[in-house]
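Colleague: I would like to go through the labels on this model one by one. Please set each value against its cut-off.

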Amino acid sequence: MSLARLSCIACALALASSVHANGIALHPLAEGLTAPIHLEETPDGTGRLLVVQQDGIVKILTRDGQLQSDPFLDIRDRLLPLEKGFDERGLLGFAVHPDFRRNGRVYVSYSAPLRASAPQGWNHTRRISEFTAHPGDRTRIDAKSERVLLEVDWPSRKHNGGGLAFGPDGHLYVGLGDGGVSHGVGPKVLWEAFDVVEDALAWDRLAQDRHSLFGKILRLDVNHGFPGYATPADNPLAGSRGRPEIFAWGFRNPYRIAFDRDASGDFYVTAIAETLWEAAYRVRGPGNYGWPLREGTHCVDRLHPRQPPADCPDHDDTGAPILMPVVEYANMQASHPDTKLGIAGVGTAITGVRRYRGAALSSLSGKLVFSDWSASFKQPSGQIFIATPRDDGDLWAYEKALAIDSRIVGLAEDLAGELYVLTNETFGPYGTTGKVFRVVPAR
């Protein structure tokens, strides 16, 4: 065995600093990456894993564990310039068409430069685009084949969302954040989450506005409606009720969308907190998921965020119920001395969620696995949790399964339902500290 291989195994053992009753560990697959946010296996029998980097490159990890030098897709020239600091923009979502073997199509969600027709002074333009492989060659995507499905001008650099996934119905689901204007319009963050000004708070309500695409999960039929897309006839809104693309609403920052591999059609959405409460929602159909009326199960007072009210409505202004998460936990801001909740924070941001349906980890069968970016903002300290599902409407109990010396930027799964952890040492889409690990049984 090579010294490099021994070093890689030692690295993995060092990362897994605490293993609990669920008995899982991390096996290293690839390193030298730049902010890998997603991973997906191509449905063509090759066993290729596509590693999606926030900087705009999609790399190929072969069945035998080799990271190929030639990219599968490179759209760096389409992105707005990214900063070498904490930056939430970039290549934010990626999905392979279920019929990729035949049509060679993939879909991306990314931050493009502000288009000429956008409101002056806004930050960038969000694109949802289709790309197609070179004719007769499924090993790489033709960057010139871009077909822009949707453009949304983005007012700030924050609250981007990014989730992108195909459902078992064959439709593309798209997560869009609420626009982030509570932090200010333009290139800079003017107000932090606990210091917003009252005039900016009206923008939060875009997540509740059914005629706006901000703060929503969209559902698009990308197989019809060329040159754009069609809207499925059973989407819940149309005409005077709202935008027909919308499937679910009331989200601040739907960073990841992950479908359950069973036959339910349920999917899970990560809800990164604005203030105190990280959450994951099980979406079983259209509806209102609360933001900014609630953050998770909790009431919200944006002008006094550290002292949220104890009581608030559990229905929206149409009388529809606000749908609650299945998992939530307090973030590090709960430990701030000005926060009067009497509890300690658990992490910083929920970055991934998957319902485990694989075969390698029998102790996790049917359980919900979710990740937190880092227990500390300054010190890389990612966490993986395991929640036990229940159907009585209460929150699902969870326990910490792993703590690692890196930031976790995503969870992913292959076609067999096995799990992967994506990490990064830096604050954003720069450097080469990113790694990919497979979740395996602990020894």
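Colleague: What makes Glu88 partly exposed?

Modeller: Its relative accessible area is 21%. Buried means under 20%, exposed over 50%, and partly exposed lies in between (1.4 Å probe, protein chains only). So Glu88 counts as partly exposed. Bear in mind that this is a predicted model: local features need pLDDT of at least 70, side-chain atom pairs count only at pLDDT 80 or more, and totals for chains, interfaces and linings use all residues. Residues are numbered from 1 along each chain as its sequence is written, and side-chain values use heavy atoms, with hydrogens and water left out.

Colleague: Why is the contact of Glu88 with Lys158 called a salt bridge?

Modeller: The term requires a side-chain nitrogen of Lys or Arg within 4 Å of a carboxyl oxygen of Asp or Glu. Here the closest N and O atoms are 2.9 Å apart, so the pair qualifies. The two residues are 70 apart in the chain: Glu88 sits in the loop between strands S5 and S6, Lys158 in the loop between S9 and S10. Strands are DSSP runs of E, at least two residues, numbered from the N terminus. Lys158 is buried, with a relative accessible area of 14%.

Colleague: How do you know that Arg355 and Asp260 form a salt bridge?

Modeller: Their closest N and O atoms are 3.7 Å apart. That is within 4 Å, so the pair counts. Arg355 lies in strand S20 and Asp260 in the loop between S14 and S15, so the pair ties together parts that are 95 residues apart in sequence. Arg355 is buried at 13% relative accessibility. Asp260 is buried too, at 4%.

Colleague: How many salt bridges does the structure hold?

Modeller: The structure holds 33.

Colleague: What makes Cys299 and Cys312 a disulfide?

Modeller: The rule asks for a pair of cysteine sulfur atoms within 2.5 Å. The S to S distance is 2.1 Å, so Cys299 and Cys312 meet it. The count by this rule comes to one disulfide.

Colleague: Why is the disulfide called left-handed?

Modeller: The torsion about the S-S bond of Cys299 and Cys312 is about -85°, so the disulfide is left-handed.

Colleague: Which of these labels applies to Cys299, buried or exposed?

Modeller: Cys299 has a relative accessible area of 6%, so it is buried. Cys312, at 25% relative accessibility, counts as partly exposed.

Methods. Helices (H or I, at least four residues) and strands (E, at least two) are DSSP runs, numbered from the N terminus.
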